[in-house]
Amino acid sequence: MKDWLARNAYFPVQFIFTTYREERVDEELMQRQIDFKHMVKGSRKDNIYILEVCTREQLLYLIDQYYWLAAENETMFIVDSKSVIQIKERFITKLYSYITMEAEVHKGNGFVIAVEHDGQGMQLVTTKHEWIGLKNLQKTLGDIHLEQWNDTYYGL
């Protein structure tokens, strides 16, 4: 994923993730001079970070820092700057709520990469013509190792 994004992402991108360890994250992001918005929602007190990433170096740092944190990170999205992620708090009772994130992909060259919370995979939703379909996606890979391919799933 890192190699593919380093070759193909166009900036700026939005980087959205949740974490249970807010105390160090704010400090880490400020030290790296990465603009971010921090909000807390849900009865579990989910810390949601929305970042604007302007360089490949920042993006690769964030993936290295937060991609593998299944114990600390449930949600991660990498999104082009024109697509919209709506974060909503859903109430079951007055005391219990949870958050949902819904993506609206830009009709032009939009993309949303949703990373599974266990760090084992990702999903790419895109309207970028050059990335749609097996043949076009293969063109973007370069020398990235291919593990599994079939008509509906591509494993990198």
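Before I start, one definition: two strands count as paired if DSSP finds at least two bridges between them. With that in hand, take strand E1, residues 13–19, and strand E3, residues 46–53, which pair in the antiparallel sense over seven bridges. In that pairing, Ile 16 stands opposite Ile 50 in E3. Please keep in mind that this is a predicted model.

Now the overall layout. The protein has four helices and ten strands. Read from the N terminus, the elements go α-β-α-β-β-α-β-β-β-β-β-α-β-β. Of the 156 residues, 39% count as buried. Among contacts with a separation of 6 or more, 58% come from residues 24 or more positions apart.

Next, the sheet. Six strands form an open sheet in the order E2-E3-E1-E4-E7-E8, with antiparallel pairing. Its edges are E2, residues 35–41, and E8, residues 122–126, each of which pairs on one side only. On average, neighbouring strands here are turned by 15° against each other, direction ignored.

Let me stay with E4 for a moment. On one flank, E1 and E4 pair in the antiparallel sense over five bridges, and Val 13 stands opposite Asp 80 in E4. E4 also pairs with E7, again in the antiparallel sense, over four bridges. There, Val 79 stands opposite Val 112 in E7. How many of the five residues of E4 are buried? Five of the five, so E4 is largely enclosed by the rest of the structure. Both of its faces are covered: Met 76, Ile 78 and Asp 80 are buried on one side, and Phe 77 and Val 79 on the other.

In soluble globular proteins, nonpolar side chains tend to be buried together. Here the largest nonpolar core has 26 residues, and the members touching the most others are Phe 15, Leu 51, Leu 59, Leu 62 and Ile 78. Elements giving two or more residues to this core include helix H1 (2–8), helix H2 (22–31), helix H3 (56–66) and helix H4 (134–141), along with E1, E3, E4 and E7. Which element gives the largest share of this core? That is H3, with five residues. There is also a second, separate core of eleven residues, among them Val 79, Ile 87, Ile 99 and Val 112.

Last, the rings. The structure holds seven aromatic pairs. One of them is Phe 17 with Tyr 49, a stacked pair at 5.3 Å centre to centre, with 15° between the planes. Phe 17 lies in E1 and Tyr 49 in E3, so this pair ties together parts that are 32 residues apart in sequence. Are these two buried or exposed? Buried means under 20% relative accessible area. Phe 17 has 0% relative accessibility, so it counts as buried, and Tyr 49 is buried too, with a relative accessible area of 0%.

Elsewhere, Trp 4, Tyr 10, Phe 111 and Trp 131 form one aromatic cluster. Trp 131 also has a charge over its face: Lys 128, at 5.6 Å from the ring centre. In another such arrangement, the charged end of Arg 32 sits over the ring of Tyr 61, 3.8 Å from its centre.

How values were computed:
Residues numbered from 1 in each chain as written. Predicted model: local features only at pLDDT ≥ 70, side-chain atom pairs only at ≥ 80, totals over all residues. Heavy atoms only, no water. Axes fitted to C-alpha atoms, helices over the stretch in contact; angles between N-to-C directions. Phe/Tyr/Trp six-rings, centres within 6.5 Å; stacked < 30°, edge-to-face > 60°. Buried < 20%, exposed > 50% of the residue type's maximum accessible area, 1.4 Å probe, protein only. Lys NZ or Arg CZ within 6 Å of the ring centre and 35° of its normal. Core = buried A, V, L, I, M, F, W, Y, C linked by side-chain atoms within 4.5 Å. Contact = heavy atoms within 4.5 Å.
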